[in-house]
Amino acid sequence: MMINRDKTFKTALFICAAASALATLLIFGFLLVFGLPLFKGGQFFLLLGRPWAPGQGMYGFLPMIAGTAAISLLSLVVAFPISLGVSFFLHSLAPAALGKILKRLVQFMTGVPTVIYGFIGVFLLVPLIREMFENGSGMCVLSASLMLGLLISPTMILFFSDGFAAVDKKYIQAARALGATRVQTLLFVVLPNAWRGLMTGLIMALGRAMGDTLIALMIAGNAVNVPSSLLDPARTLTSHIALVSAADYHSMEFKSIFACGVTLYLLNAAAVIAIRRFGAVGKDKAHV
Amino acid sequence: MDNSIIKITDLHFSYNGLKVLKGVTHSFEKNTLTAITGPSGKGKSTFLTTLNRLWEDVPGAALQGCVELKIAEKWRDVYASSMDIAALRRMVGMVFQIPNPLPMSIFRNMAFPLKLAGVKEKDQVQAKVQEALERAFLWDEVKDRLHSSALELSGGQQQRLCIARALILEPMVLLFDEPTSSLDYQAAGMIEDLLVSLKESCTVLMVSHYLDQVSRIADSRLELADGKLLLSNISR
Amino acid sequence: MSEKALKWTDRAVVVFAWSSAIILICALFLLIGSLLKNGWQTLGLDLIFGNAPPLDAILLKRRVFGGLFPAIAGTLLLVVLSVSLAVPIGVCAGVYMSEYASAGLRRILGLCFDILAGVPSIVVGLFGFSGAIILHRIFDGFRPCLAVSAASLAILVLPYLVRTTQTSMQGISPGLRITALALGASKMQNIVYVLLPRSMSGILSGIVLAIGRCAEDTAVIMLTGVVATAGVPGSLFGQYEALPFYIYYISSQYTDQAELMTGYGASIILLCVCLALFLIALGVRKGLSHQVFYRI
């Protein structure tokens, strides 16, 4: 009887695990099926490079790809130096108490709702940008990238810090014993040995930036064209999905959002696989 | 008359490709205390776990050979597919080098194996807990604080608790993996006395590093060297 | 490098690190400060209940207009539903991953969970939305609703629950692992009586974080049935309001100063909820006595 119960228990657990894993595939399957007409005959790849002009029957999402690329890459440019600096600070320069508090703050920041970043973006950052550049509405690539940079910094900092912390203490001791300063140890011993943590942090942060909806939706302006300057409005793949509310489920316009979904799914899957290849550091500590 | 209770025939054991036992054959007699000695890291503890099949939870290990146990005057193959592992481990108890009380009260630690075996009657549990603690010379020290955490006990007390916890199942065989090496000499002395007293009801196998300890309490000594068990004399 | 150059690099790095830290702290406090500065006056019972007496509103005797009560109730219900869907499945899957899965299976399932964790929430929302379309074809009149949102959010947080359970169980020392086995416990008894209670604090903090994600997510629900006005949710198959969506909605559609102020108020409430959950998660990790969860 005991053995029987054990078997049932194991089977039940397996079903849960399999069902959860199945969800991953199911999501992809649904996106494919609903966007099917767009994928037939390799049209998908044509769409990637075409402009969006529903009036003329063109449903390319080049503008959205450009928008996502511009905003997420720029946000990395904003977040990377700050994150690197903060993780330097946390690793070896901060006074103990301050470091502890800052680390907690950073952990807390990963949990701040993105809608709040967006809300403050609308009422604080956008007017500021508008006045500074006296150009357009202030809803633009720059505003979204700045806010998004703030959103992804904590993620990056935590991964960087984990990467630094994973460097063998023996090396640090050896460097210190040879008379290296804290900064020298950091630059010449810790940093070169923490590249995995750095890569993982960068990719995770990029994934979070690409996948975020609310900030771009609320403060990037959502115009469907390829942005040509920092002050141009832009629409990301995620906000495109959020904005389409086609009543007709059979329209091509409606189907195009599934193509956006597939693109996002594949980009993120690629990021995940890349991280697994690197042998992620502290993957599970990302949140708290 | 054959007085043996454990019979091991041509036992081979490897761990991640490393051969630990290379054809061990031996039988252990009832109500004796056998010490197993030998260089560290050569599989003495692993040898103990072949008797209660505890090694099976370690990935990368493989076993060949025959281990038999005389249960109710009948020889039974420990590795037969009909053998209930949980029942086997109740008959062949084990105590480890580092005391491992579970993070719960003293009483709950004691009652835990009974719970696993499905014993529910409260009076019976109470009585068995007291009896086992008395046999482990621990009752007087803990009877007033049965419901405080087992982790508050001293190292020696914790180890006696672990022995009592193994005794509560009334095992035929008790395996000890260096039971005193994490304790100071006073606590160790108490455990030694306890081990000798256990011979009355069980067959005791003990891995030990200390030859003086072996000469004080063991009936026979087996030296594990080069994957074989050799009967060695005890210098007294 | 000359000694002088080294000294200057040293200084430059110190300045760089300090200023990064200061910039980050300032940005965070600017964020929170601007919320509080603009919104603190609105905090009060009126913000939540509008003109209705609080007790009547809570007992659903009176419908609340101009207050956040329906949105808070919606978010609360949503969180309860999705977490109670996700926790049993996620924890069981995590236990399987840690205790039963073979190395090969663990790799494959692990990859699935990693990918699932990386799927943007708007895509999960789109999945829920397409599910609703399929259900609409089968049952006439079915549309995106509270149940769809809850199911989608459950999928969103599932990989976190699996991971936290798996890691905290795998972190248990080998010594503790075999203690109960040596006493004759079956594998299941070992898991239920020893390993699960031992990893409870890790699992609980995972659950608390999952609650946080369900409470703050906007992208999933905006595709699966949340609306700006629906009142207190009355059925699993009806539309509903939620706090984060309300904030999003107000930021683009506010008509007067009072509405905008309610938006600030809602943001403060949501931020406080997230702060509280964060503190609980920390507390659970640190101070939890495992003994609380041993029941014999």
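A charge sits over a ring if NZ of Lys or CZ of Arg is within 6 Å of the ring centre and within 35 degrees of the ring normal. The views below are of a predicted model.

**View 1. Charged ends over tryptophan rings in chains C and B.** In chain C, the charged end of Arg11(C) sits over the ring of Trp8(C), at 5.3 Å from the ring centre. In chain B, the ring of Trp75(B) has the charged end of Lys7(B) over it, 4.5 Å from its centre.

**View 2. The aromatic pair of Phe88(A) and Phe16(C).** Over all chains, the structure holds 23 aromatic pairs. In one of them, the ring centres of Phe88(A) and Phe16(C) are 6.3 Å apart and the planes meet at 85°, so the pair is edge-to-face; planes over 60 degrees apart count as such. Phe88(A) belongs to helix H4 (residues 62-93) of chain A and Phe16(C) to helix H1 (residues 3-39) of chain C, so this pair joins two chains. Phe88(A) is buried, at a relative accessible area of 3%, whereas Phe16(C) is partly exposed, at 29%.

**View 3. The aromatic pair of Phe108(A) and Phe278(C).** The rings of Phe108(A) and Phe278(C) form a tilted pair, 5.7 Å from centre to centre with 55° between the planes. This pair also joins two chains, because Phe108(A) lies in helix H5 (residues 96-110) of chain A and Phe278(C) in helix H13 (residues 257-287) of chain C. Phe108(A) and Phe278(C) are both buried.

**View 4. Helix H5(A).** The helix has 15 residues, and its first and last C-alpha atoms are 22 Å apart, close to the 21 Å expected at 1.5 Å a residue. Besides Phe108(A), the buried residues of H5(A) are Gly99(A), Leu102(A), Leu105(A), Val106(A), Gln107(A), Met109(A) and Thr110(A).

**View 5. A nonpolar surface patch with residues from chains A and C.** Leu98(A), Trp18(C) and Ile22(C) make this patch, which covers about 250 Å². Trp18(C) lies in helix H1 of chain C. The relative accessible area of Trp18(C) is 32%, so Trp18(C) is partly exposed.

**View 6. An aromatic cluster with residues from chains A and C.** Phe9(A) and Phe14(A) form one aromatic cluster together with Tyr96(C) and Tyr100(C).

Methods
Residues are numbered from 1 along each chain as its sequence is written. Chains are lettered from A and ligands numbered from 1 in the order in which they are written. This is a predicted model: local features need pLDDT of at least 70, side-chain atom pairs count only at pLDDT 80 or more; totals for chains, interfaces and linings use all residues. Side-chain values use heavy atoms; hydrogens and water are left out. Rings of Phe, Tyr and Trp (its six-membered ring) pair if their centres lie within 6.5 Å; planes under 30 degrees apart count as stacked, over 60 as edge-to-face and the rest as tilted. Helices (H or I, at least four residues) and strands (E, at least two) are DSSP runs, numbered from the N terminus. Buried means under 20% relative accessible area, exposed over 50%, partly exposed in between (1.4 Å probe, protein chains only). Patches are made of residues with over 30% relative accessible area and no salt bridge: like charges are joined within 9 Å, nonpolar side chains (Val, Leu, Ile, Met, Phe, Trp, Tyr) within 5 Å. Accessible areas come from the Shrake-Rupley method with a 1.4 Å probe; for residues, only the protein chains shown count as cover. A salt bridge is a side-chain nitrogen of Lys or Arg within 4 Å of a carboxyl oxygen of Asp or Glu. The expected span of a helix is 1.5 Å times one less than its number of residues.
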